Amino acid sequence: MYLSPPQSPYMRPKADTPSWSSAPSGIARVRCKRSEYAWLDAHEYALAHGRADIILTTETKGDADAKLLQRTPSWYSAAGGAVWKKRPFQLAYQPTCIFRGEAIAALDQHDITWDIPFSSYDNQNIMAFISADLAITAVLEGTNNPDWDEIPAEAGLPPLPNYGIFMYVAEGSHNMLAKELARIIRLMMAKIAH
C-alpha cells in the first residue's frame, strides 16, 4: 500500500480553533488536540486574533527567537524487537504526523520499500502498536517511548532532517498566566536540551 504524504513544503500542522469566543482575564488558553494541515501563517493568525496565547510547533525552520529545542528524528522500534529486520519496513503513524511524510519521502528517495499496516489518530494506539513490535516509527530524539530502542545503523534506514520545537507567544499579552507558562516551558525545554 502506498500512501502519499503532503507534498507542499508550505504546509504544517496548525492549532485547532478554540471553541470559546473569549476567555476571562487571567486564564491561559491552552488546547491540545489532533492537528490538521494549514498554511504557514496559521499560528500568526491565531495569536493576532486572540485565539491562542501560546502555540508550540514542530517544524524544520521557524522564527529563531521562538526556538526551544533542535533535534534530529531517529528511527525507533520495540525494545529487543525484530520488526525493524522485516522488509518491507512496517511503519505506524498518525495520518497528520509531520514525521510521517518525511519518513516516507526519505524511504522512497532511497528506494526502500515500506508499508503502513496501522494508522490511527490516537497516539496511544500508535505507541502500543510500536511497543508490540509490529511497526517502526521516527520521532524526535528524546521524545520516544521509554520501551523503544533506537534502530541500529545496520538496518539501513535513511537520515531525516533536523526539526525544532518552537514556541510562539502572543505579543503584548497581558495574561500573566500565559507569560508564566511560557517561562516554565522554556526552563523545561532548556533542561531537556542538556
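Ser120 counts as buried because its relative accessibility is 12%; buried means under 20% relative accessible area, exposed over 50% and partly exposed in between, with a 1.4 Å probe and protein chains only. The model is predicted: local features need pLDDT of at least 70, side-chain atom pairs count only at pLDDT 80 or more, and totals for chains, interfaces and linings use all residues. Residues are numbered from 1 along each chain as its sequence is written, and side-chain values use heavy atoms, leaving out hydrogens and water.

Ser120 sits in the loop between strand 7 (114-119) and helix 3 (123-131). Helices (H or I, at least four residues) and strands (E, at least two) are DSSP runs, numbered from the N terminus. A polar atom of the Ser120 side chain lies 3.0 Å from the backbone nitrogen of Asp122. The Ser120 side chain also makes a polar contact of 3.3 Å with the side chain of Asn125. Such a contact is a pair of N or O atoms within 3.5 Å; within protein, one must be able to donate a hydrogen and the other to accept it, and residues adjacent in sequence count only if both atoms are side-chain atoms. Neighbours within four places in sequence aside, Ser120 is in contact (heavy atoms within 4.5 Å) with Tyr93, Gln94, Pro95, Asn125 and Ile126.

Now turn to strand 10. Strand 10 (residues 163-169) is largely enclosed by the rest of the structure, because six of its seven residues are buried. Strand 3 (residues 54-59) runs antiparallel to strand 10, joined by six bridges. Here Ile55 stands opposite Tyr168. Strand 4 (residues 67-71) also pairs with strand 10 in the antiparallel sense, over four bridges; pairing requires at least two DSSP bridges. Gln70 of that pairing faces Gly164 in strand 10.
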